[in-house]
Amino acid sequence: MGEVMERKEGTARYETRGEVAVILLDNPPVNGMSAPVRKAMLEGLDRALADRNVKAIVLAGAGKVFSGGADIKEFNTPKMLEEPSLRTLITAFESSPKPTIAAMHATAMGGGLELPLGCHFRVAAKGTQVALPEVKIGLLPGAGGTQRLPRAIGLEPALNMIVSGASVPAEQLAPAGLFDELVEGDIVDGAVAFAKKVIAEKRPITVLRSRKVKHDNPEAFLQFARNSVKAVAKNYPAPLKCIDAVAASVDKPFDEGIAVERELFVDLMGGPESRALRHAFFAERAAARIPDVPEDTPRRKVEKVAVIGAGTMGGGIAMSFANAGYPVTVLEMKQEAIDRGFATIRKNYEGTVKKGRLTEAKMAERMALLKPTLNYADLAQADLIIEAVFEEMGVKEKVFRELDAVAKPGAILASNTSTLDLNHIAAITKRPQDVVGLHFFSPANVMKLLEVVRGQKTAKDVLATVMDVAKKIRKTAVVSGVCDGFIGNRMLKFYLGEANALVEEGASPQQIDRALEKFGMAMGPFRVADLAGNDIGWSIRKRRYAQYPDEKKLLIADAICELGRFGQKTGSGWYRYEPGRRDAIPDPVVDNIITETRKKLGITPRKVSDDEIIERCVYALVNEGARILEEGIAARASDIDMVYLTGYGFPVFRGGPMLYADMVGLVTVKRAMERYRDATGDKFWEPAPLIARLVSEGKSFN
Ligand SMILES: NC(=O)c1ccc[n+]([C@@H]2O[C@H](COP(=O)([O-])OP(=O)(O)OC[C@H]3O[C@@H](n4cnc5c(N)ncnc54)[C@H](O)[C@@H]3O)[C@@H](O)[C@H]2O)c1
């Protein structure tokens, strides 16, 4: 080995091995191409070019991967464009008079693939995954990827990779010509050996930019691709723009194609969908961090899990843990309840097996991880115990007293309660610091969202531990303080309140569902209610009416429930349903209830516009969200957005209610709230003090 430069964190190292210079990306964890790394790579290249003994240059990555592409810490900052930019760097490696060889291992993504596409040769370790995933954040590869990849592997496979953003193994792309060699063993050794061959054989330098894209009938293929993508991409412009960019690689000279790519990239970058998708990407990462819980907080060991209650939620929660390989003890009071619960779990898994998404063997493995019991003593070894029994304080008190008696010291005791006071539950035990809320959403084995409810006394290491566990069971965890409904349901109450008020005022449930679905909600509020069961909300409302006599009653919803119309499960609710079908059919019985209620309230129905429906329902979320933020129930606006994106079907291309309000502009949102306050006399519409303050300071939530 020749000279070795001393290592600097977050940069690129340079060394020589005989006639081969090696530039080694070194910016853990994924060798993101930050400004200092780009600068060090260019310095490495210049040094190699200046050294008469160097005949070829290898670009490789230190550590676990070659490169994950742009450094996400630099995203949306001027640093990302600081020279040398990625494009400058690619041009430098491409126009080098000495052969440049990219040596990829494990992962080569985004810019981490675009730079190798500018090199003269490419080698990869077996099993390397390559991708241009920009479309997933509403963008397209903006450093030549859309022009060089089709030239390297052909139009169809390149278009598929760029439009889907999917990872493809190197083995699949080597025959297409992306790699000159697949390397076994150490990637740098392999690449240096390859470089020596290039030198010895005097292989000519070739660049992708001078190649032609191969395809027999590109126009027909591109038209077909456009039609198929248009049908599925609907609210997302990026996939179609990816096609436009790739099309330019076919019918334009390279430099013109690059100009088209640039223009389309800038268009997408400035559009609302990409902003929303990038926001969601960062919001998910931000939610995992709790401001006053340091990253290096020691974690408690969680190997054995227990769930109390094998009902709707307990069963789904137990499945989530079994799916991630945790052994789970499931406790019920009676054998029949165990049998019922386990039969449901089995049926659920069998359904997945039938769909071909789970093997019989995996199902057997997961079922074997689930151990039923009727005996609290069997929970003594559990590291994490999650209670999902009936939503009654008396029952929860009993359970937590039992848990306090049997659980080992340091075990985390969690409650899945949706409406009860977690601090009260914690205080039943002698270890309130070990108690936390884990609010799963139904169906718990499917829904991504997990609200982690932080009690007054919840210990920091308990929080840090459950955030890690959430990741292991593949949930998106968001921390909420204790309040009625936590983040999600507390806001939902006002959203549903507006939907109901709008029906009283003159809209139909169908119009409201349609308007909000057009806005992008996965399902309108009344169809959701029928799916989830109207009885759940009704029982919560009845309790609230008794507790808070001033609370506004949802008269139409109550009347529907009084008829036993609990939704799909009873064949009728806000709509009626044919046996065995899920289509929501408008029902004259409901129309009658609505007409009668309006009469009772002395309301003359008026025409309600779709815009008003969207504003009132969505701004209701925003106003309550602002209060939640101000009270510190949520740590950041983006946490609230994450709750709505992952738990309530809020459209990702709008980024969540808080980002949506930012994009509309808080001044406009505030004025609309004041208009509704004046028109309805409802004091809820007084804009939250936080909104007023942000408007006066010219700021936004995010
Ligand atoms: N259903 C939802 O959509 C939903 C969503 C989030 C949270 N939650 C909460 O989850 C909890 C459970 O709700 P669910 O819908 O699964 O109810 P469920 O009625 O389907 O299940 C409750 C189960 O707990 C068992 N159980 C009752 N008392 C028990 C005890 N003392 N010991 C052991 N087992 C006992 C019952 O036999 C039953 O199987 C509630 O706190 C609820 O608020 C429900």
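Student: At what angle do helix α26 and helix α27 pack, and how far apart are their axes?
Tutor: Helix α26 (residues 657-664) and helix α27 (residues 666-680) pack at about 100 degrees, with axes 5 Å apart. Axes here are lines fitted to C-alpha atoms, for helices over the stretch in contact, and angles run from 0 to 180 degrees between N-to-C directions. Helices (H or I, at least four residues) and strands (E, at least two) are DSSP runs, numbered from the N terminus.

Student: Okay, and where does this model come from?
Tutor: It's a predicted model, where local features need pLDDT of at least 70, side-chain atom pairs count only at pLDDT 80 or more, and totals for chains, interfaces and linings use all residues. Residues are numbered from 1 along each chain as its sequence is written, and side-chain values use heavy atoms, with hydrogens and water left out.

Student: Back to the helices: are α26 and α27 roughly parallel or roughly perpendicular?
Tutor: Roughly perpendicular, because of that angle. Angles of 65 to 115 degrees get that label, under 35 is roughly parallel, over 145 roughly antiparallel, and the rest oblique.

Student: Which residues make the contact?
Tutor: Ala661, Asp662 and Val664 of α26 meet Leu666, Thr668 and Val669 of α27. Contact means heavy atoms within 4.5 Å.

Student: What about α24 and α27?
Tutor: Helix α24 (residues 610-630) packs against α27 at about 105 degrees, with the axes 10 Å apart, so α24 and α27 are roughly perpendicular too. On the α24 side the contact includes Tyr619 and Val622, and on the α27 side it includes Met673 and Tyr676. By class, there are six nonpolar, two polar and four charged residues in it. Ala, Val, Leu, Ile, Met, Phe, Trp, Tyr, Cys and Pro count as nonpolar, Asp, Glu, Lys and Arg as charged, and the others, Gly among them, as polar.

Student: And how do α1 and α2 cross?
Tutor: The axes of α1 (residues 35-50) and α2 (residues 86-94) come within 10 Å and cross at roughly 20 degrees, so these two helices are roughly parallel. Their contact is made by Arg38, Met41, Leu42 and Leu45 of α1 with Leu86, Leu89, Ala92 and Phe93 of α2. That's seven nonpolar, no polar and one charged residues.

Student: New topic! Which residues come nearest to the ligand?
Tutor: Of the 23 residues around the ligand, the nearest are Met313, Glu332, Glu391, Lys396 and Asn416. A residue counts as near if one of its heavy atoms lies within 4 Å.

Student: How far are the polar side-chain atoms of Glu332 and Lys396 from ligand oxygen atoms?
Tutor: For Glu332 the distance is 2.5 Å, and for Lys396 it's 2.6 Å. A polar backbone atom of Thr312 is also 2.9 Å from an oxygen atom of the ligand.

Student: What's the phi of Lys202?
Tutor: Lys202 has a positive phi of about 50 degrees, although it's not a glycine. Most residues other than glycine have a negative phi, and most peptide bonds are trans.

Notes: A polar contact is a pair of N or O atoms within 3.5 Å; within protein, one must be able to donate a hydrogen and the other to accept it, and residues adjacent in sequence count only if both atoms are side-chain atoms.
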